[in-house]
Amino acid sequence: MKRAALVVLLLAALAFPAVFTLPFPRHVMIMIFLYGSLAVAWNILAGYCGQISLGHAVFFGIGAYTSTLLVARAGVSPWLGMLAGAVLAVIVSQAVGFPVFRLRGHYFAIATIAVGEIVQTLFINWDWAGGARGVFVPIRRPDSFVNFQFNESKAVYYYIALGLLLLGLAVTRRLEGSRPGYYFRAIREDQEAAASLGVHVAREKLRAMALSAALTALGGTFYAQYLLFIDPEAVFPLSLSILICLVSVLGGVGTLWGPVVGAAVLVPLSEYTRVWLGGTGKALDLVIYGALIVLVAVAQPSGLVGLARRLGRRSPPGQ
Amino acid sequence: MGLVYALIAAGLSLIFGLMELVNFAHGEFLMVAMYVTFFAWSLAHLDPVVALPLAALALAGLGWAVYHGIIRWVLGGPMLAQVFATFGLAVLLRAGAQFVWGVDFRVVKDPWLAGRVSLGGVFVGLPQLAASALALAAFVALWWFLARTETGLALMATAQDRQAAALMGIDTQRMFALGWAIGSACVGVAGGLLAMFYYVFPEVGGVFALIAYVTVALGGFGNVPATLLAGVLVGLVEVFAGLLISPAMKYAVVFLLYLAVVLWRPLGLFGRF
């Protein structure tokens, strides 16, 4: 039954671009997939392993900058750049994680903010990488798969983004039933207890971080190729780091589908309020957005998936 | 500057020590305080110095309202819910400010304190100097309140052990609300001081809030006197990094300092287990 629902959902997702040919609905869906996949990646580290990072934009930016600089300065295909970005993000995540994982709770969260701010400042002042002005991805025509540019239709981007999301979900799914997945959750629940049972806490945290960073970097490259322009303000800001976890939190932290549900609710909300109410310079869309976040945090801290579960428990099927 | 940072951070530290909760809307509280000061000047022609108690009072009210309206309800929840309640509040306040007051940069023109004075050959802006002195005074007042009055001691007792304090007949709910009011009042004073020589705009809280988190974590969460030292340290590092390396990199250096310190002492310079 549940499997059938998933198949229907997947088919609907695959058929979507055939039904909706206008750019805007497709754009909204692409953004849902992109933020969904970022939130899924963040969820591996924060939801399962309990390490709340507020600096994930670093990995997103590394993914975006690596592929973009490679294609703009050396003409390397962004697909290779995507891989390179993921590898680089993993290296950086290990270098950052090694010291920072000694910290806990708020100290860890603030240290990740600090790392994010340092990296953003470095990129703003790094002239070779475009500095504060950012970098353009050189436009190539006609569209080709090698160039990772599809200027004629958003459909291809749509499927790539969907693929990223499915990849993230598949990784999470495998993790849930695997040995590292159990280690991660043990660390989240009680680090000392996990350590006393023989879990190598530092190594498992780094492993979670590496997975999370690599998946986030893939999203970064996709973003760069989708917009064809990046600057430090767009790919490294603290607000992006927070948005990523917000999506997870709204949906439900530490659950497989939570981040997807969160993205499916939050992204259309922010895109449509932006279109309807934005542009007046009055930021009414952000007023609503902020109020909503407070409301969710106060009323439903376990997220929408938690809410659904509770409702499901209240009325079990067949009664 | 460091003293103003310290005062902003002290409010944050007080709230954290009391209930282990980081207020991510702290920078926006600062922004509100600056607007209060600005409008006191533009509508009622009150100089920022005169409006200081007003800003402190307004912010204390805001802190009290936020505690009763939002924080009370998420206090028992997971850490993430607390982070997002205050973060959402931050977005709400910032966007609200933009909605009501627009994005223009505003400046208090011709405050009483202006110009500069020479201190042993080094020129210092008079508003900055006065701000430092007043921030220090506010800090001493805060310390005196916490360490020498009965209410202050009750507050500290609640911070140490909620349940024990409740058993001793301290109304912890009232103490929490009071903590929010006082912590916010600190920001109110800091905002009023900053408004004398800094632009007022909806996004102003951002960078100050980041510095405040680092300052608090540097000193050790919940330790108010340590926050003062950490604030001065951050201010000095910022100035020297701006002078010796490059102004664009000064915040990066401050954050780097923080990382270096917490690696050496994971609970901050003066943190204890």
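Is Asn43(A) buried or exposed, and what is its relative accessible area? Asn43(A) is buried, with a relative accessible area of 1%; buried means under 20% relative accessible area, exposed over 50%, and partly exposed in between, with a 1.4 Å probe and protein chains only.

This is a predicted model, in which local features need pLDDT of at least 70 and side-chain atom pairs count only at pLDDT 80 or more, while totals for chains, interfaces and linings use all residues. Residues are numbered from 1 along each chain as its sequence is written, chains are lettered from A and ligands numbered from 1 in the order in which they are written, and side-chain values use heavy atoms, with hydrogens and water left out.

## Chain A

The secondary structure of chain A comprises 14 helices and two strands. Helices (H or I, at least four residues) and strands (E, at least two) are DSSP runs, numbered from the N terminus. Of the 319 residues of chain A, 54% count as buried. The accessible surface of the chain is about 14,100 Å², and 68% of that belongs to carbon and sulfur atoms; accessible areas come from the Shrake-Rupley method with a 1.4 Å probe, and for residues only the protein chains shown count as cover. Among contacts (heavy atoms within 4.5 Å) between residues at least 6 apart in sequence, 75% join residues at least 24 apart.

Asn43(A) belongs to helix α2 of chain A. Apart from neighbours within four places in sequence, Asn43(A) is in contact with Tyr48(A), Ser248(A), Val253(A), Gly254(A), Thr255(A) and Pro259(A). Thr255(A) also has its C-alpha atom 9.0 Å from that of Gly306(A), 51 residues away along the chain. Gly306(A) is found in helix α14 (residues 303–314) of chain A and counts as buried at 19% relative accessibility.

Helix α4 (residues 78–100) of chain A has 23 residues and reaches 31 Å from its first C-alpha to its last, close to the 33 Å expected at 1.5 Å a residue; the expected span is 1.5 Å times one less than the number of residues. The buried residues of α4(A) include Gly81(A), Met82(A), Gly85(A) and Ala86(A). The packing partners of the buried residues are α3 (57–74), α5 (105–124), α6 (155–176) and α9 (201–227) of chain A, together with α11 of chain B.

Leu228(A) lies in the loop between α9 and β2 (229–230) of chain A. Although Leu228(A) is not a glycine, its phi is positive, at about 60 degrees. Most residues other than glycine have a negative phi. Leu228(A) counts as buried at 10% relative accessibility.

## Core and chain B

The largest nonpolar core has 192 residues, of which Phe222(A), Phe84(B) and Tyr258(B) touch the most other members. Its largest share, 17 residues, comes from helix α2 (residues 23–48) of chain A. Such a core is a set of buried Ala, Val, Leu, Ile, Met, Phe, Trp, Tyr and Cys residues joined through side-chain atoms within 4.5 Å. Not counting residues up to four places away in sequence, Tyr258(B) touches Tyr107(A), Ile110(A), Ala111(A), Ala114(A), Val214(B), Ala217(B) and Leu218(B).

In helix α9 (residues 205–219) of chain B, 13 of the 15 residues are buried, so this helix is largely enclosed by the rest of the structure. Just after α9(B), Gly220(B) takes a positive phi of about 110 degrees. Thr86(B), in helix α4 (residues 79–101) of chain B, counts as buried at 0% relative accessibility.

## Salt bridges

A salt bridge is a side-chain nitrogen of Lys or Arg within 4 Å of a carboxyl oxygen of Asp or Glu.

| Pair | Closest N and O atoms |
|---|---|
| Glu189(A) and Arg188(A) | 3.1 Å |
| Arg94(B) and Glu28(B) | 2.7 Å |

Arg94(B) lies in helix α4 of chain B and Glu28(B) in helix α2 (residues 26–44) of chain B, so the pair ties together parts that are 66 residues apart in sequence. Arg94(B) is partly exposed at 27% relative accessibility, whereas Glu28(B) is buried at 2%. Glu204(A) and Arg207(A), three residues apart in helix α9 of chain A, are separated by about one helical turn. Arg203(A), Glu204(A) and Arg207(A) are linked in a network of salt bridges.
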